[in-house]
2 protein chains.
Amino acid sequence: MTASKDTDQWVTPEQFEVWRQFIKVQARVLRRLEADLLDRHNMPLAWYDVLVRLLEADHRRLRMSELAERVMLSPSGLTRLVDRMVDEGLVARSPAERDGRGFYAVLTDVGYERLREASGTHLRGIHEYVVGRFDEEELATLASLLRRIEP
Amino acid sequence: MTASKDTDQWVTPEQFEVWRQFIKVQARVLRRLEADLLDRHNMPLAWYDVLVRLLEADHRRLRMSELAERVMLSPSGLTRLVDRMVDEGLVARSPAERDGRGFYAVLTDVGYERLREASGTHLRGIHEYVVGRFDEEELATLASLLRRIEP
């Protein structure tokens with residue numbers, strides 16, 4: 001169960017350490033990115049992620065179910081998040097026309113403006129904490145190793 | 001803000017794609033590991049993580065503040081989690097003797113047993129979804145790239 005015990009059948013201690021490092025490094029980076037967004041733009045990282053996914057979508061809108069999938073939240077978790085973003089005017093709700101089931105989340109002009117203001121901070125963080133630390137070849141190696149993990 | 005727009009100053013589209021892949025791959029792996037634990041042991045991944053951290057600690061106990069740091073949860077988030085684990089008898093609370101401030105979370109025998117039952121599933125998942133996909137040299141390369149990301 002730990003790096004030193006009971007790991008011999010499936011995972012060696014060395015493998016377990018790399019696994020832990022993989023988890024820890026990403027959690028720390030996400031924490032720093034969120035701290036920067038909160039400090040400078042009063043915006044949680046999950047809000048930023050929702051705004052970007054809406055900006056990328058056709059007509060700047062997504063069905064709630066599709067948005068939940070993209071930001072990797074549960075439907076109930078996303079509903080709570082979007083409720084707060086609607087209260088702040090960053091997102092609007094729009095009924096799904098055709099089948100009358102469900103709602104779209106739509107990026108508002110205010111949401112776009114807030115995203116535009118925050119994006120420099122966020123991208124600078126991604127550069128500083130992660131991708132800017134590698135040259136092109138190293139980045140390609142990392143990408144190729146990550147692809148091996150994908151299901 | 002997306003891979004194709006506004007990323008030129010800090011992050012190239014290629015770098016942005018690797019960043020997204022890094023996040024996505026880990027989220028998917030964690031989701032699969034959690035699904036396995038829930039299916040087979042009715043145990044959320046965060047519970048497993050708490051049980052392992054307690055097992056690794058001296059006297060199988062940790063101050064709540066220290067445990068929160070290790071499992072990377074907010075103090076309030078950890079309190080809610082541990083409340084439910086205490087209800088199920090996996091963890092006990094014990095007052096911190098010396099200064100009278102705060103509590104320890106302590107691994108119970110029931111908690112140890114549940115962890116022991118679940119650990120095969122979890123370690124097998126770490127093998128199958130991640131570390132077993134690399135040979136020794138590749139794993140060392142991944143570890144060395146991850147170390148570059150650490151703050």
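Glu138(B) counts as partly exposed, since its relative accessibility is 22%; here buried means under 20% relative accessible area, exposed over 50%, and partly exposed in between, with a 1.4 Å probe and protein chains only. The model is predicted, so local features need pLDDT of at least 70 and side-chain atom pairs count only at pLDDT 80 or more, while totals for chains, interfaces and linings use all residues. Residues are numbered from 1 along each chain as its sequence is written, chains are lettered from A in the order in which they are written, and side-chain values use heavy atoms, with hydrogens and water left out.

Side chains of opposite charge can pair when their charged atoms come close. One of these bridges brings together Glu138(B) and Arg148(A), at 3.0 Å from N to O. This pair joins two chains, because Glu138(B) lies in helix 6 of chain B and Arg148(A) in helix 6 (residues 136–149) of chain A. Helices (H or I, at least four residues) and strands (E, at least two) are DSSP runs, numbered from the N terminus. Arg148(A) is partly exposed, with a relative accessible area of 33%.

Within chain A, the side chains of Arg93(A) and Asp83(A) form a salt bridge at 2.1 Å, N to O. Arg93(A) belongs to strand 2 (residues 91–95) of chain A and Asp83(A) to helix 4 of chain A, so the pair ties together parts that are ten residues apart in sequence. Both partners have intermediate accessibility: Arg93(A) is partly exposed at 37%, and Asp83(A) is partly exposed at 31%.

Asp36(B) is buried at 11% relative accessibility, whereas Arg40(B) is exposed at 54%. Val29(B) is also found in helix 1 of chain B and is buried, with a relative accessible area of 4%. From Val29(B) to Arg40(B) there are eleven residues in sequence and 17 Å in space, C-alpha to C-alpha.

Aromatic residues come next. Rings of Phe, Tyr and Trp (its six-membered ring) pair if their centres lie within 6.5 Å, and planes under 30 degrees apart count as stacked, over 60 as edge-to-face and the rest as tilted. By this rule there are three aromatic pairs over all chains. The rings of Trp19(A) and Phe22(A) have centres 6.3 Å apart and planes at 45°, so this pair is tilted. Trp19(A) and Phe22(A) are three residues apart in helix 1 of chain A, separated by about one helical turn, and both are buried. In chain B, the rings of Trp19(B) and Phe22(B) likewise form a tilted pair, with centres 6.3 Å apart and planes at 45°. Trp19(B) is buried at 6% relative accessible area, and Phe22(B) is buried at 2%. Ring pairs link Trp19(A), Phe22(A), Trp19(B) and Phe22(B) into a cluster.

Met72(A), a residue other than glycine, has a positive phi near 55° and is placed in the loop between helix 3 (64–71) and helix 4 (75–87) of chain A. Met72(B) has a positive phi near 55° and is placed in the loop between helix 3 (64–71) and helix 4 (75–87) of chain B.

Technical notes
Salt bridge = Lys/Arg side-chain N within 4 Å of Asp/Glu carboxyl O.
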